[in-house]
Structures are given as structure tokens and as C-alpha cells.
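Trainee: I have a model open and would like to go through it with you. Where shall we begin?

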Amino acid sequence: MEDDWISIHRKFKDWQWYKNTNVKTLFLHLLLKANFKDNYWKDVFVKRGQFITSIEHLAEETGLTVQQTRTALSKLKSTHEITIKTTSKYSLITIEKYDFYQRNNKKATNTLTNEITNNQQTNNKQITTTNNDNNYNNILFILFNKYKGEFSFMQTAEEKQKIFKDTCMQDKYFKELTEEQQTQLYTKLLSVM
């Protein structure tokens, strides 16, 4: 998924702030936090490459002190890497060259998606060792594609099991599978993360 990763070019090593650990840490964090598409936050329109935060929150998330965070933000502003719009309730940070940094995400995402699809088709064929029924393959393929986005590597096994019970097990197609096939689907869904 496009929102699950960012891309960093090797030329990043030549960036003027690369050797400044605090600035580099904060900037990478800002790239990770920025919206990958336009969105709303509490009725505030937040564009791609922007996000809402506070200095205290950034300091807590990065492990920097509040003063180190302020200094790093100031340096990033001085070289026009970011702009900050501050209100009494929040700060809106904009990564000025976000599209430059993340312009290849769509191409890379498509490549990754195609790779996953090819692998999953191969895996779907391998799973069906006892039943070559086309109906089963179709059901497995439909369910896998439908629910693979529900699982994240950040979730615990218990969270994944709950999602599986709350979503997949309620699906009409899932109920057509044998118990063994249901177990295979669960194992396959967990294996993609």
C-alpha cells in the first residue's frame, strides 16, 4: 500500500543536514508522518506532504528534547525544506519538496503490487494440494485480496485473530470453504505481513 512506506534516494547521503543527527532524525520522521494523500483532520484540510502536530509531540516521538526539536525545525525552515503554520491549537508542517522525495511511490507500489500478485497466484496454486477445484481457487483468491489489507505487521497475533474472526469468518464465501481450507486461508493472510 502506498501509505505503508516512503522512498529515500541514495543521494540523501549528500544532503546538507545529513551529518546533523538531530535534523536528519527529525526530517526522516516528518517524511514518515506526512500525509501521502489529501485528508481532513478535525475539519482541517491537510494536503499531501503535510501533517498536524506540535513541537512537544515531535520531541516525544523522536526522542529529541523540545529544544533540539525547535532547533532542528528552525534549520529545516532556513533551507526551505519545510514551512510551519502555527495556531493556538496545533502546528501544520508542510514538507515543501514532498513530491520530489516521494514521486516514485506510485511506480514502486505498482511494481510491488504486481510482484505480490504474481507470488500470491503461485502460492494460491501451492495451497490447493488436495483440492484443485476452480471454485475453491476463486474463493481463496477473492478472500485473500479482499482481506489482506486488514492485516498489518504492527498488529499482535491476537489482534490479527480478532480481525480474522470479525471479518473473514463472517464472509459468505468463507463459509463455503472446508475447515482445512479456512485454516489455510488464515495462515496465508498472516504470512503476507
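This is a predicted model: local features need pLDDT of at least 70, side-chain atom pairs count only at pLDDT 80 or more; totals for chains, interfaces and linings use all residues.

Mentor: Let us begin with strand E3, residues 50-53. From this strand Gln 50 and Ile 52 point one way and Phe 51 and Thr 53 the other way, and all are buried, where buried means under 20% relative accessible area, exposed over 50% and partly exposed in between (1.4 Å probe, protein chains only). Strands (E, at least two residues) and helices (H or I, at least four) are DSSP runs, numbered from the N terminus.

Trainee: In which sense do E3 and E5 pair, and over how many bridges?

Mentor: E3 and strand E5 (residues 91-95) pair in the antiparallel sense over 4 bridges; two strands pair if DSSP finds at least two bridges between them. Ile 52 stands opposite Leu 92 in E5.

Trainee: And Ser 91, is that buried or exposed?

Mentor: Ser 91, which lies in strand E5, has a relative accessible area of 11%, so it is buried.

Trainee: What does Ser 91 touch?

Mentor: Leaving aside residues up to four places away in sequence, Ser 91 touches Phe 51, Ile 52 and Thr 53, and also Ile 84, Lys 85 and Thr 86. A contact means heavy atoms within 4.5 Å.

Trainee: Which elements have the lowest and the highest mean pLDDT?

Mentor: Helix H5 (residues 105-127) has the lowest, at 49, and helix H3 (residues 66-78) the highest, at 95. pLDDT stays under 50 over residues 104-109, for which the model has 7 contacts beyond four places in sequence. It also stays under 50 over residues 123-132, with 15 such contacts.

Trainee: Changing topic: how many residues has the largest nonpolar core?

Mentor: The largest nonpolar core has 20 residues, and those with the most contacts inside it are Trp 15, Leu 26, Phe 27, Leu 30, Leu 76 and Ile 95. Such a core is a set of buried Ala, Val, Leu, Ile, Met, Phe, Trp, Tyr and Cys residues joined through side-chain atoms within 4.5 Å.

Trainee: Which element gives the most to this core?

Mentor: H1 does, with 5 residues. Helix H1 (21-33), H3, E5 and helix H4 (98-102) each supply at least two. Apart from this core lies another, of 6 residues, among them Cys 168, Phe 174, Leu 177 and Leu 185.

Trainee: How many aromatic pairs are there?

Mentor: The structure holds 6. Rings of Phe, Tyr and Trp (its six-membered ring) pair if their centres lie within 6.5 Å; planes under 30 degrees apart count as stacked, over 60 as edge-to-face and the rest as tilted. The rings of Phe 12 and Phe 27 have centres 6.5 Å apart and planes at 15 degrees, so this pair is stacked. It links distant parts of the chain, with Phe 12 in the segment before H1 and Phe 27 in helix H1, 15 residues apart.

Trainee: Which residues form the aromatic cluster?

Mentor: Phe 12, Trp 15, Tyr 18 and Phe 27 form one cluster.

Terms used: Residues are numbered from 1 along each chain as its sequence is written. Side-chain values use heavy atoms; hydrogens and water are left out. pLDDT is the predictor's confidence in each residue, from 0 to 100.
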